[in-house]
Amino acid sequence: MTDIGLSSQLTAPLSPDARIPLIGFGTWQLSGDEARQAVAWALEAGYRHLDTATGYGNEDQVGTALRDSGVPRDQVFVTTKLPPDHVGRERQTLQQSLDKLGVDHLDLWLIHWPPNGTAGVESWKVFVEAQKEGLVRHIGVSNYSLDQIDELTSQTGVTPAVNQIKWSPVQFDRELLEGSRERGVVVEGYSPFRAAKLDDPVLTGLAEKYGKTVPQVIVRWHLQRGVVVIPKSAKRERIESNVDVFDFELSADELTAIDNLSEA
């Protein structure tokens, strides 16, 4: 089991005075008491970054687990997301999220999907205002292309701090990663295991070499590539295992071998 707080030691910069933990706990498809219990276990295991969304329907449970954990609010990075069909109701949705989570600000608020396939400039303007008012510390997007990010920047002068996208060894995209970094956008990956080929010989070989599981190797690859990763599980042992990745390090050649799985 990981020491409390260990997962927050690896971070990516969001601004000169703020950073985002590279390991977060995802809560997609978790609901009711299962969601509350899973988040509680995650906080016990050392996660200090929680990822939820209005569309997940579990902000109440995430907030309850955070409040009951005893972990100080300023030590936990909290993210939620605006559904694309809530365009025009951004402020109302934000206040509902704050109320359900039981917090007075978010660390990160994301537009969950491009509204109607557009960049959502008008929604982004509301996000910018909410950030200026201190209701959210950082603002970003999810499932956006670089062109859509550029449109937000050109129309408002404010670039998203984060783009949360589906990311795994088979979805590694160097051009997207480098393009994001050139723009100052942190890439955050979701569903790190769902699309991965967990029986791939490269991954199983590295897991055997280091005495780790394949998911642990995948999480470690994200960390060393500087990509935020948000694994999720409802099982305590997997929650603890997924963050137990600080006692080994992949070599440069091993990282490249995993990168190359996207071309297989």
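Tyr 56 sits in the loop that runs between strand 4 and helix 2. Helices here are DSSP runs of H or I with at least four residues, strands are runs of E with at least two, and both are numbered from the N terminus. The model is a predicted one, in which local features need pLDDT of at least 70 and side-chain atom pairs count only at pLDDT 80 or more, while totals for chains, interfaces and linings use all residues. Residues are numbered from 1 along each chain as its sequence is written, and side-chain values use heavy atoms, with hydrogens and water left out.

Back to Tyr 56, then. The unreviewed UniProt entry places the feature "active site" at this residue; UniProt positions are given in the numbering used here, feature names are shortened, and such annotations may be inferred rather than shown by experiment. Tyr 56 has 18% relative accessibility, so it counts as buried. Buried means under 20% relative accessible area, exposed means over 50%, and partly exposed is in between, using a 1.4 Å probe and protein chains only. Leaving aside residues up to four places away in sequence, Tyr 56 touches Thr 27, Trp 28, Leu 30, Asp 51, Lys 81 and His 112, where contact means heavy atoms within 4.5 Å.

Asp 51 and Lys 81 form a salt bridge, with their closest N and O atoms 2.7 Å apart. Because Asp 51 lies in strand 4 and Lys 81 in strand 5, the pair ties together parts that are 30 residues apart in sequence. Both Asp 51 and Lys 81 are buried. The term salt bridge is used for a side-chain nitrogen of Lys or Arg within 4 Å of a carboxyl oxygen of Asp or Glu.

Strand 5 runs parallel to strand 4 (residues 49–51), and 3 bridges join the two; strands pair if DSSP finds at least two bridges between them. Within this pairing, Leu 50 has Val 78 as its bridge partner. Strand 5 also pairs in the parallel sense with strand 6 (residues 106–111), over 4 bridges, and here Thr 79 stands opposite Leu 108.

How are these strands connected along the chain? Strand 4, helix 2 (residues 59–69) and strand 5 make a right-handed β-α-β unit. Strand 5, helix 3 (residues 90–101) and strand 6 make a right-handed β-α-β unit as well. Right-handed means that, with the strands pointing away from the viewer, the path from the first strand over the helix to the second runs clockwise.

Now for other salt bridges, of which the whole structure holds 14. The side chains of Arg 73 and Asp 107 meet in one, at 2.9 Å from N to O. Arg 73 lies in the loop between helix 2 and strand 5 and Asp 107 in strand 6, so this pair ties together parts 34 residues apart in sequence. Arg 73 is partly exposed, with a relative accessible area of 22%, whereas Asp 107 counts as buried at 9% relative accessibility.

Another salt bridge joins Arg 225 to Asp 259, the closest N and O atoms being 2.6 Å apart. Arg 225 and Asp 259 are both buried.
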